[in-house]
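Please read it beside the sequence and the coordinates.

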Amino acid sequence: MSDQTSNEARFYRFHHGKIIGPASEGDLQKCQPTDHINSEHSHRVGALIIHGYTSTPFSMQPLAKRLQPKLYRTKNMLIAGHFTTPEVFGQYTWQSWYDSVVDAYQQLQQDCDKVIIIGQSLGGILALLLAANIAPQSQLILLAPAVYLPRALYLSPYLVPLFKALRIHYLPAIAGDHSRKDWYEITFKKIPITAHRELHRIAKATKRKLPEIHNPTLIFGSTHDHAISTKNIKKTYDKLASRDKELIWLENSYHLISFDNDFEKVACKIEKKVDEVITS
């Protein structure tokens, strides 16, 4: 499998579920992962930043840039299979998504004493799996974690064989769930149905782990999220075993909290949490 990227990846700008134009060369450059080291710091606190399903590091770039001055190392990673092509993306399993996150986390561990894990949507799922399996001490910061998915995706194990029998291999992308009018999300025009099945599988695997996770956790949810309901965000919060957990509701954002209208509020709260980790 190849993760090579090019204009032929055919990425598009999405806003509130609709294509508003093709991705530019500048957009594609900003979709690349970044790994920033601030050698002036005496502390060794880093952050692993994980984007959402079918998205790219582009969606987390504003937050990554905001945190770089505070952290020794800020890694805004690319999940395996993402930012390729729909055809290549469909060849990846949820385990390969998770393995790429483990690899990124272990790279940070090589020169960081503490690693803060920040994940949005699917990134929130992956952050929780990391915490359960290999990062039991890390501070978690979750933006609209997608552990409890919309009801339609629970049917994916049954629908994928049906769609394949009907020779339907892709569905139209639904992306860009944000209210900010001067921004957009970059993603594919179509999504392989097998990827939806993998999303269901990783969410199911993560649900089973929630009662085992005791990490300090900060969760942001939006009251106007069109992808993950407030009920499902609250369910994730309630199932976490951690005693040190906080859930903050946002009134002026949709699903893509990382660059929506509540960005300043979210960034300030995360900066305070980063300061606590640095001084602890």
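Tyrosine 12 has threonine 187 in S9 as its bridge partner, and phenylalanine 11 is paired in the same way with phenylalanine 188 of S9. The model is a predicted one, in which local features need pLDDT of at least 70 and side-chain atom pairs count only at pLDDT 80 or more, while totals for chains, interfaces and linings use all residues. Residues are numbered from 1 along each chain as its sequence is written, and side-chain values use heavy atoms, with hydrogens and water left out.

**The antiparallel sheet**

Strand S1 (residues 11-15) and S9 run antiparallel and are joined by four bridges; helices (H or I, at least four residues) and strands (E, at least two) are DSSP runs numbered from the N terminus, and two strands pair if DSSP finds at least two bridges between them. On S2, too, S1 pairs in the antiparallel sense over four bridges, with phenylalanine 14 opposite isoleucine 19. S1 and S2 form a hairpin with two residues between them, and histidine 16 in that turn has a positive phi of about 50°. Four of the five residues of S1 are buried, so S1 is largely enclosed by the rest of the structure; buried means under 20% relative accessible area, exposed over 50%, and partly exposed in between, with a 1.4 Å probe and protein chains only.

Strand S6 (residues 114-120) is mostly covered, with six of its seven residues buried.

Which residues of helix H6 are buried? In H6 (residues 156-165) they are Ser156, Val160 and Phe163. Seen down the axis of H6, these buried residues fall within an arc of 75°, so they line one face of the helix; the arc is that of the directions from the helix axis to the C-beta atoms. The face of H6 turned away from its buried side carries the exposed residues Tyr158 and Ala165. What covers the buried residues of H6 includes strand S8 (170-172) and helix H7 (193-209), contact being defined as heavy atoms within 4.5 Å. H6 is followed by arginine 167, whose phi is positive, near 60°.

The largest pocket has a volume of about 820 Å³. Of the 33 residues that line this pocket, the closest to its centre are Tyr53, Leu153, Ile174, His196 and Leu199. H6, S8 and H7 are the elements that give two or more residues to the lining, and H6 gives the most, with four residues. On a 1 Å grid over the protein atoms alone, a pocket is an open set of points where a 1.4 Å probe fits, with protein on both sides within 12 Å along at least five of seven lines, and lining residues have an atom within 4 Å of a point. Grid points are joined across faces, edges and corners, and a volume is the space filled by probe spheres set on the points.

**Two single residues**

Serine 100 is found in helix H4 (residues 94-109) and, at 17% relative accessibility, counts as buried. Leaving aside neighbours within four places in sequence, serine 100 is in contact with Met77, Leu78, Ile79 and Ala80.

Glutamine 137 lies in the loop between helix H5 (122-133) and S7 and, at 68% relative accessibility, counts as exposed. Not counting residues up to four places away in sequence, glutamine 137 touches Asn215 and Pro216. Glutamine 137 and aspartate 262 are 125 residues apart in sequence and 28 Å apart in space, C-alpha to C-alpha.
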